[in-house]
Amino acid sequence: MFQKAAVIGAGTMGRGIAFATAMNGIAVTLQDINEDTLEASKTYIQEQFDIGVKIGKISEDDAKQNIQKVNYTTSMEEAAHDADIIIEAVLELMDLKINIFKQLDQLAPRHAILATNTSTMSPTEIAAATSRPDQCVALHFFNPVPKMKLIEVVRGLETSDETMEKAMLFGERIGKECVQINEFPGFATSRMNCLIGNEAMNMVMEGVGSVEDIDKAMKLGLNHPMGPLELADLVGLDTRLRNMEYLHETLGEKFRPCPLLIKYVKAGRLGRKSGKGFYDYTDTTK
Ligand SMILES: NC(=O)c1ccc[n+]([C@@H]2O[C@H](COP(=O)([O-])OP(=O)(O)OC[C@H]3O[C@@H](n4cnc5c(N)ncnc54)[C@H](O)[C@@H]3O)[C@@H](O)[C@H]2O)c1
């Protein structure tokens, strides 16, 4: 059923989704408008295959074969024209996602499923820009994709049962566990996760504790595998801010983005990807 996939956007999430797809033997074309990002994603995917071999998740021969299944391009047409499923992972901006879906609708085969990896936004609104809203769905992956098991499969208003079934099958085929969620801003996970992260940021701002101690408290006291501030750094503070802005707009006051988050993004402190966020990643001796 899935011979060929495409991923649009080769950033933090797109490259991970492309890796998980190829790792499980499905050919995938990864598209981005930025050549440097595509180069960086190539290095990342090579590293992930190396790790897969090292930890015994894949044999050396299969890794060699599957890595050849990833193609890189700046052309949306090249990525979309023969894909059975396309996963969009561009910035969390509704206008941009709608624009991409309009193009994909023109370029993709008639049978293709169009999925968005949005963390918070309405798949119904994105699907409405296409002539196939019944074949549109959200496939919400988690960061880092190679390690995280879950995909939230989010049903938009017009998503058909057949599309839901196929989307779940695709998730399972690439080694993930799926939950079915009905559309609502922030779905089941981002809504809670963003709130916890934002509260931790407010607590840093109010001087309740240090960044390290607030994270430690959540890990050791509430058994969270990661602290909310280190998680926000991993997500990317710009991405997190866009998530908060959307949730604030759709769900109200309790999602107002923490002023400290806004200040960090303005300063270019975007978390791990820029070298500094709530933590400093530039000192490699630490
Ligand atoms: N970062 C996370 O932890 C996380 C987790 C789950 C879901 N998401 C969602 O995944 C999506 C991507 O987030 P990310 O963190 O990977 O962002 P990112 O900023 O790391 O990557 C986005 C990529 O999109 C590319 N892009 C921008 N415009 C494009 C266009 N017109 N065509 C093709 N590529 C284009 C950019 O060049 C960039 O490489 C967002 O919707 C985000 O909410 C993120």
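How many nonpolar, polar and charged residues does the shell around the ligand have? Select that shell and colour by class: you'll get 12 nonpolar, 14 polar and 2 charged residues. Here Ala, Val, Leu, Ile, Met, Phe, Trp, Tyr, Cys and Pro count as nonpolar, Asp, Glu, Lys and Arg as charged, and the others, Gly among them, as polar.

Two notes before you click on. Residues are numbered from 1 along each chain as its sequence is written. This is a predicted model, where local features need pLDDT of at least 70, side-chain atom pairs count only at pLDDT 80 or more, and totals for chains, interfaces and linings use all residues.

Now zoom in on Gly9, Gly11, Met13, Glu92 and Asn143, which come nearest of the 28 residues around the ligand (near means a C-beta atom, placed from the backbone, within 6 Å). Helices H1 (12–23), H5 (94–107) and H11 (237–251) each give two or more residues to the shell; helices are DSSP runs of H or I, at least four residues, numbered from the N terminus.

Next, select H1, which gives the most to the shell, with 3 residues. Its 12 residues reach 17 Å from first C-alpha to last, close to the 16 Å expected at 1.5 Å a residue (that is, 1.5 Å times one less than the number of residues). 12 of the 12 residues of H1 are buried, so the helix is largely enclosed by the rest of the structure; buried means 20 or more other C-beta atoms, placed from the backbone, within 10 Å of a residue's own.

Last stop: glycine 25, which follows H1 and has a positive phi, near 85°.
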